[in-house]
Structure formats: C-alpha cells, structure tokens
Amino acid sequence: MKIKNIIFYAILGILALLTLATLILIVGYLLINGLPHINMEFLTQDPKMMGKEGGIFTIIVGTIYVTLVAIIISTPIGIAAAVYYTEYAKEGIIVQIIRFFTEILAGIPSVIFGLFGFAFFVVFLGMGWSVISGGLTLAIMILPTLIRATEESLKTVPMSYREGSLSLGATKWQTIVKVIIPCCKNGILTGMILGIGRAIGETAAVMLTVGGALKLPTSLFDSTRTMSVHLYMLSSEGLSQEKTFATGALLIIIVLIINTTANFISSRLGGNNGN
Amino acid sequence: METKFKIKNLNLYYGNFQALMNIDMEIYENKITALIGPSGCGKSTFLRTLNRMNDLIPNVSIEGTIKLDNKDIYNKDYDLIELRKRVGMVFQKPNPFPKTIYDNIVYGPKIHGVKDKEKLDYIVERTLKEVALWDETKDRLHKSALGLSGGQQQRLCIARCLAVEPEVILMDEPTSALDPVSTSKIEGLLEELTEKYTIVIVTHNMQQAGRVSDYTSFFLNGKVIENDKTEVIFSNPKDKKTEDYITGRFG
Amino acid sequence: MKKYEKVIEKLILISAMIATISVALITVFIFQSGISVIADYGVINFIFGTEWSPGSGIYGIFPLIAGTLSVTLGSLIIGIPTGIACAIFLSEILPKKFSKYFKSAIELLAGIPSVVYGFFGLVVLVPAIRTYIVPIFQKFNPNVAPTGFSILAGAIILAIMILPTIVSISENAIAAVPIEYKEASLALGANKRETILKIIIPAAKSGIISSIILGMGRAIGETMAVLLITGNMAKVPSSILDPVATLTGTIAMEMSYAPPSHQKALFAVGIVLFVIIMLLNVIAQLSVKGLGGKRN
C-alpha cells in the first residue's frame with residue numbers, strides 16, 4: 001500500500017513539476033538568448049534588409065496601431081454586450097442563443113478569423129491589407145474575452161447598489177453608467193489588458209489581414225507588420241538569429257508585463273469597489 | 001391631517017402566488033406609519049409598491065390603486081422617475097455607493113440636474129446636519145463612504161435620500177443591521193424628520209414601532225389585520241391576532 | 001423613461017448581438033468563398049483525395065487531415081495525463097498558498113503567443129529531435145525522416161499549449177467536488193490516493209472531459225506553432241518522425257502567395273476546419289451545460 005501511494009504522488013509531482021519546468025525553460029531560454037540583443041538601436045531603428053539588419057521600430061508602431069484599433073472598437077461593444085446580459089436581458093431563448101454564439105466565437109481558431117478577415121474586410125469591403133482590416137478582425141476575435149471579463153465583474157455588483165440608485169430617481173441607464181460600471185472598472189480593465197495581450201500575440205489572423213509591409217504606416221489603410229508576424233517571418237526565413245531572438249524575447253516580456261498587470265488588477269485591487 | 005397615500009383594494013402577485021390581498025390603507029402626511037408583522041407577511045412587499053421598486057422583480061403583477069396626492073402612481077402616464085424622486089427609500093442594509101461621502105449625497109441632486117457646485121456643497125452640509133452626521137464627517141467628505149461604520153453608513157443613506165428632497169421616505173427595517181447605539185440615534189432622527197417628511201417604516205421590532213410611530217398597521221399573511229393609531233394598536237387592539245402578535249404569542 | 005434611454009437600449013441589444021452576427025458572417029464568408037471548390041471537386045474526392053498539389057489543380061486534403069489528426073492525437077496523449085495530474089496536484093495536494101502561484105504560472109503559459117512556441121520549437125525542439133531521437137529510430141529503420149520537423153515536434157509543442165486549458169478547467173471541476181464526498185470516503189477508511197482515484201476524479205469526470213474537448217479544439221485550430229515545426233509536407237505520414245502539413249498551417253502558409261483558384265481551395269480547407277471545430281465546440285458546450293446541471 002505504501003509503495004503504491006509513493007508512486008502515485010511521485011508521478012503527480014513529477015508531471016506537475018515538468019509543466020512548471022517547461023514554462024521556465026521556454027521563457028528563460030528566449031530571454032537569455034534574446035535580451036542581449038535588445039537595445040535602444042533595436043527599438044528605435046527601422047528594419048533594414050527585410051529585418052536582417054536594423055531594428056523593429058516600424059513594427060512596434062504597426063503593432064500598436066493594429067492593437068489600438070482592435071481594443072478601441074471591441075471595448076465599448078464588449079461592455080455593452082455584458083451590460084445587456086446582466087442588466088437588460090431576461091433569461092430566455094434569445095439570451096441563450098446570444099450566449100451560445102459568444103462561446104462559439106471564442107472557440108473559432110485564429111486562422112479562420114484570418115480567412116474571414118481576408119474575405120470580408122480585405123476583399124469584400126475593399127479595405128485591402130491594412131491596419132483597419134487587421135484591427136477589425138482582431139476586434140471580433142477578442143470580443144468574447146472582453147464580454148466575459150466585464151460580465152464576471154458586473155455580476156459581483158450588489159443588487160443593493162442598483163436599488164439605492166433607482167430609489168433616488170435615477171433611470172436605469174444613469175444607474176448603469178454612474179454606479180454599476182464605475183464599480184467594474186477593474187474588471188473591465190483586466191479584460192482590456194487580456195484582449196491587448198491576445199491581439200499582440202496573434203499571428204495567423206493578422207498575417208492574412210494586415211499583410212507584412214515594413215514601412216511606417218501613416219494611415220489606417222496602410223499595410224504594416226506586427227511583432228508576432230515579424231517573428232514568424234524572421235524564423236521561417238532564417239534571416240537573422242539575433243533579431244529573431246530579440247523579437248521573441250521582446251514579445252515574451254510584453255506578455256509577462258501584460259499578464260502580471262492583469263493579475264495584479266484583478267487580485268490585489270479586487271474585481272470591485274476600487275475607489 | 002392630510003392624506004398622502006391612499007391605497008385601495010391592492011392585490012399583488014408573484015407569478016401565481018398572491019403576496020398582498022385587498023389592502024386598503026391611508027398614510028398621513030408628516031406622520032410616521034409603522035408596518036409590523038411576522039416575516040413573510042408582505043409588509044416589505046407593500047412598502048416597495050409605494051415607490052414601485054417591485055417593478056424590478058420579474059413576474060410581479062398588481063391590481064388596485066395607490067394614489068399619491070390623489071394621483072394613481074400605477075397609471076401608465078405616471079412619471080416613475082418623478083415618483084421615486086418624491087418617494088425616497090432607505091434599505092435594510094446600508095447601501096452607500098463605493099464613492100466618497102460627498103459623491104454619495106450629490107448623486108441624486110446631480111442626476112436631477114443640479115450642477116452648481118455651491119448649491120451641491122450646501123445640500124451636502126444641510127443633509128448631513130439633518131442626519132447628525134456632519135460633525136463626524138465634515139473633515140472626510142472626500143473619503144470613501146465604505147470607511148464609515150454601519151450606523152454612520154445608514155445615516156449617510158438617509159442623508160442621500162434627503163438630498164433629492166423627497167416628500168415621503170420609505171424605510172425597510174432601517175435599523176435591523178445596526179447596533180443599539182446607532183439604532184437609537186436613527187430613531188431619534190425620525191422624530192425630527194416628520195416636521196418635513198412623511199415616513200413609512202417597516203420594522204420587526206415591536207418596541208421600535210411603539211416608540212417612534214404615530215400609526216401602525218399589522219400585516220399577516222398578505223392582509224392588513226388592523227390599522228390604527230399606534231397607541232390604540234398597542235393598548236387596545238380590536239383583533240385577537242394583533243393582540244397575540246403584540247404580546248409576543250407568535251411571530 | 002426618457003427617450004434617449006430607448007435608443008441606448010437598442011444600441012446595447014445590437015452590441016450584444018455582434019458576436020452572433022460575427023459568427024454568422026464568418027460562416028457565410030468562409031462557405032461562400034470555398035464551397036464551389038468542394039462542390040466542383042466532389043466531397044469524397046476532396047476529403048479522401050491523397051494528393052494535395054494546388055499548383056496543378058489537385059485538391060485532395062486527406063494528407064492535411066491526417067497531419068492535423070496525428071499531431072492533435074499526439075498532443076492529447078502527452079497533454080491529457082500531464083494536465084490531469086497537474087490539476088489533481090494543484091487542487092488536492094499542493095497547499096493553497098503555493099497552488100495560487102502555480103496557477104498564475106500556468107496562466108502565463110496560456111498567454112504566450114503561439115508564434116513564440118513555434119519559434120522555441122524551431123530552435124530547440126526540432127534540433128533536439130534531430131540529434132537525439134532520430135538516431136535511435138535510425139537503428140530500427142534507416143529510412144526514417146532525419147530533419148526533426150515532425151509529428152513528434154508538433155505534438156510536444158501542442159501538448160504544452162493545451163496544458164493550460166486542460167489544467168484550469170479540470171482543476172475547477174475537481175475543486176467543485178463537494179467536500180462531503182471526500183469526507184465520506186475518508187471516513188470509510190479509504191486513503192487519500194483511493195479517494196482521489198475512486199471518488200474525486202469520477203465525480204469531476206464531465207468537467208475533465210470538457211477540458212479535453214476544449215484542449216483538442218485548441219490543438220486542431222492552432223496554426224503558427226505547428227506551421228514552424230511540422231515541416232509542411234502534404235503527405236500521409238507513416239512514422240511519428242515524418243513531417244506533416246496541417247489544415248491550419250497549409251492555409252496560413254499558402255494564402256500569402258496563392259493565386260485566386262488556389263485561394264478558393266484554401267477557403268475550402270477552411271470550411272473543413274471550421275466544421276470540425278464547430279462540432280467540437282458544440283459538444284464541449286453541451287457537456288459543460290450537463291456539468292452545470294449536475295452540480296445543482
């Protein structure tokens with residue numbers, strides 16, 4: 001009996017530690033090999049020779065543009081949808097259908113989003129490979145993340161706040177805007193940060209909708225390249241080991257910062273009531 | 001003595017369940033009316049019909065009329081916002097918003113269009129003085145209301161309610177979550193408030209009803225069993241059930 | 001109610017429907033762009049055709065399906081036991097204060113972009129397989145593919161990528177098993193191991209299953225990681241060291257240079273992928289619902 005127990009716990013422990021070790025290995029390996037190549041020059045110079053030389057300045061700008069478009073479009077829609085679920089909808093068939101499709105949307109693979117974005121925004125709406133096509137595609141992709149985060153935090157707002165506000169003669173909308181949503185700002189922020197993380201990390205959907213231009217985008221209808229796409233291009237073409245590691249490490253750092261911030265906001269500051 | 005609310009033949013259903021039956025009652029201006037009865041008797045439900053807070057609950061249907069100053073508040077054309085502005089409410093558990101003390105009080109006035117900073121400052125000072133909270137809070141008006149004690153929070157909620165200048169204040173067991181000292185502070189407050197306001201208070205606590213109210217209604221199983229001046233109810237009840245309840249034989 | 005509130009209410013309803021509308025639009029546009037290829041080519045020929053050479057107008061996607069399935073299966077074989085072990089370890093063995101950090105670490109694993117996993121696989125895993133695993137296989141079969149770009153590489157990286165899904169959902173299901181069950185089992189003299197294996201895991205079964213289905217969906221839908229490490233050879237594999245092309249990888253790689261007719265074929269591949277994922281999603285949704293019902 002004792003031997004069996006020891007073996008059982010040993011297997012569990014080893015597998016769990018293996019998981020942890022893998023994480024440390026991946027993050028550590030990329031940081032150790034990439035960090036030495038990240039410097040001011042890398043961050044502030046334009047890429048030269050398809051990224052073999054120079055930095056990734058235009059790519060950082062492109063990443064920011066695409067992500068901004070996505071988050072600016074997705075945030076209000078996500079908040080409004082969550083508000084609909086928790087404040088307006090009466091549990092019924094319509095809500096169930098809407099919820100069901102929101103879950104479905106969350107499960108669609110990114111390359112399908114890419115195909116869709118290409119067929120719809122790039123070709124059908126004639127937006128071409130551009131910041132706006134990619135931003136809109138990503139906006140749809142991160143929508144479920146935003147809805148979920150906002151809804152979770154809306155649910156924790158006590159009913160008594162709603163009653164208190166309504167009993168003072170506030171309308172439903174005033175109650176939502178002035179009392180309920182301010183209570184949820186941490187939850188919403190967490191959702192936005194996670195959405196940003198997903199947008200920055202996304203590759204397949206962006207590749208098919210933004211294209212891969214290396215010059216500085218000057219309008220929403222310019223093609224550009226995000227860091228993830230750049231990392232893919234560099235690694236598949238084997239142009240420069242150094243620049244590839246540096247880009248990978250930079251992505252990891254950004255993801256680490258984003259995750260820690262999201263965790264910090266949702267756990268330390270509490271999902272709610274942060275004044 | 002003016003009649004503020006005139007309730008006629010009120011029935012209320014939650015789906016198929018009838019929670020209030022044939023309620024007839026008058027509530028008088030500048031008086032305190034206490035609603036007593038065992039839990040589940042319908043007194044809180046009744047209270048919430050007076051500012052239509054029951055509208056928030058799905059599947060509620062209502063028959064009969066409730067007239068406020070001779071106008072039916074369940075009439076389609078009646079302005080719900082106006083009603084709630086005139087008929088304020090204080091809840092069982094203190095429910096200040098997670099905002100500053102100042103912002104809690106100006107919430108109502110701002111919603112109803114008061115923008116002038118001086119006027120808002122004045123409202124804050126006036127209402128906090130009315131609930132005897134000014135001295136305790138005047139130096140921390142811009143700190144979170146959640147930092148106040150339970151009793152202070154409840155007085156803040158009363159002040160928040162007064163800030164929209166209601167005519168009637170509905171109180172749903174306002175002291176049941178509070179300690180005895182805070183309770184007596186709020187009871188003392190009620191008397192002063194009747195100079196300007198009509199008060200309807202739901203209470204579990206018989207002594208409280210006896211101490212503070214002018215009129216008392218005894219509810220049982222969704223019906224009003226007896227409804228009279230408080231001293232009559234407590235000294236000379238007409239109905240056996242009222243007597244049993246008041247003397248503590250059940251409930 | 002004020003007039004503008006009515007307008008706002010409408011806007012909010014529309015926002016709530018955007019997700020549904022998007023799913024509808026995605027379905028319409030993917031199908032519209034690709035269905036003609038499947039129709040012209042014939043469903044059977046398309047799905048069971050063993051040659052994918054879009055350059056010459058031959059669109060048999062069986063090699064791609066085989067590639068996706070083999071990589072996914074491999075990742076499940078590695079990922080399921082590891083994931084469930086982690087979940088049990090986290091919820092039943094590790095003290096709360098440690099498991100909190102462990103969970104954050106797992107969440108971090110979920111946040112790393114897939115292209116980063118792909119890059120890691122490309123620079124670490126593929127060479128490692130080439131150097132250490134290939135020679136072992138060569139002893140038995142001298143013709144084994146020597147590059148390291150393989151099902152094995154894809155399966156390992158995908159296993160790492162689906163771990164967070166399996167761990168977090170299973171962990172929730174295990175944590176939701178009522179404490180009374182455990183107490184009853186322990187009170188009958190069962191030890192902790194027996195309680196875990198015979199009471200807790202069976203009770204959390206539906207949650208664990210839905211975690212596996214969702215993980216599987218993620219593995220099938222994953223693109224960038226497999227694209228970089230499976231070698232993209234559209235051939236039906238015969239060994240775990242063979243290079244394969246997956247449905248997702250083929251779409252992502254070939255879309256950038258495909259002429260219109262080839263593009264249509266890629267949309268047709270998208271349809272197949274989409275249908276598989278939809279089916280999995282619906283199954284997962286239903287099993288999650290079943291789980292919710294049981295818990296009440």
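Biologist: In chain B, what share of the contacts with a separation of 6 or more joins residues 24 or more positions apart?

Modeller: Two residues are in contact if their C-beta atoms, placed from the backbone, lie within 7 Å. In chain B, residues 24 or more positions apart account for 67% of the contacts with a separation of 6 or more. Keep in mind that this is a predicted model: local features need pLDDT of at least 70, side-chain atom pairs count only at pLDDT 80 or more, and totals for chains, interfaces and linings use all residues. Residues are numbered from 1 along each chain as its sequence is written, while chains are lettered from A and ligands numbered from 1 in the order in which they are written.

Biologist: How does the radius of gyration of chain B fit that of a compact globule?

Modeller: The radius is taken over C-alpha atoms, and the globule rule is 2.2 Å times the number of residues to the power 0.38. For 251 residues the rule gives a value near 18 Å; chain B has 18 Å, which agrees. Along the principal axes, the C-alpha atoms of chain B fill a box of roughly 55 × 45 × 35 Å.

Biologist: What percentage of chain B is buried?

Modeller: Buried means that 20 or more other C-beta atoms lie within 10 Å of a residue's own (exposed: 12 or fewer; partly exposed: in between), with C-beta atoms placed from the backbone. In chain B, 45% of the 251 residues count as buried.

Biologist: How many helices and strands does chain B have?

Modeller: Both are DSSP runs, numbered from the N terminus: helices (H or I) have at least four residues, strands (E) at least two. Chain B has ten helices and ten strands.

Biologist: At what angle do H3 and H4 of chain B cross?

Modeller: Axes are lines fitted to C-alpha atoms, for helices over the stretch in contact; angles run from 0 to 180 degrees between N-to-C directions. H3(B) spans residues 101-111 and H4(B) residues 117-130; their axes come within 10 Å and cross at roughly 115 degrees. That makes H3(B) roughly perpendicular to H4(B). The cut-offs are under 35 degrees for roughly parallel, over 145 for roughly antiparallel, 65 to 115 for roughly perpendicular, and oblique for the rest.

Biologist: Which residues meet there?

Modeller: B:Tyr102, B:Ile105, B:Val106 and B:Pro109 in H3(B) meet B:Leu120, B:Ile123, B:Val124 and B:Thr127 in H4(B). Seven are nonpolar, one is polar and none is charged. Nonpolar covers Ala, Val, Leu, Ile, Met, Phe, Trp, Tyr, Cys and Pro; charged covers Asp, Glu, Lys and Arg; the others, Gly among them, are polar.

Biologist: Which chains share the most contacts?

Modeller: Two pairs of chains touch, and chains A and C share the most contacts. Chain A gives 68 residues and chain C gives 63. On the chain A side, helix H1 (residues 2-34) gives the most, with 17 residues. That side has 46 nonpolar, 19 polar and three charged residues.

Biologist: How do H1(A) and H5(C) cross?

Modeller: Their axes come within 11 Å and cross at roughly 80 degrees. That makes H1(A) roughly perpendicular to H5(C). A:Ile26, A:Tyr29 and A:Leu30 of H1(A) make the contact with C:Val116, C:Phe120 and C:Val124 of H5(C). By class, this contact has six nonpolar, no polar and no charged residues.

Biologist: How many residues does chain B give to its contact with chain A?

Modeller: Chain B gives 22 residues, and chain A gives 16. The chain B side divides into twelve nonpolar, six polar and four charged. Chain B and chain C have no contact; their closest C-alpha atoms lie 7 Å apart.
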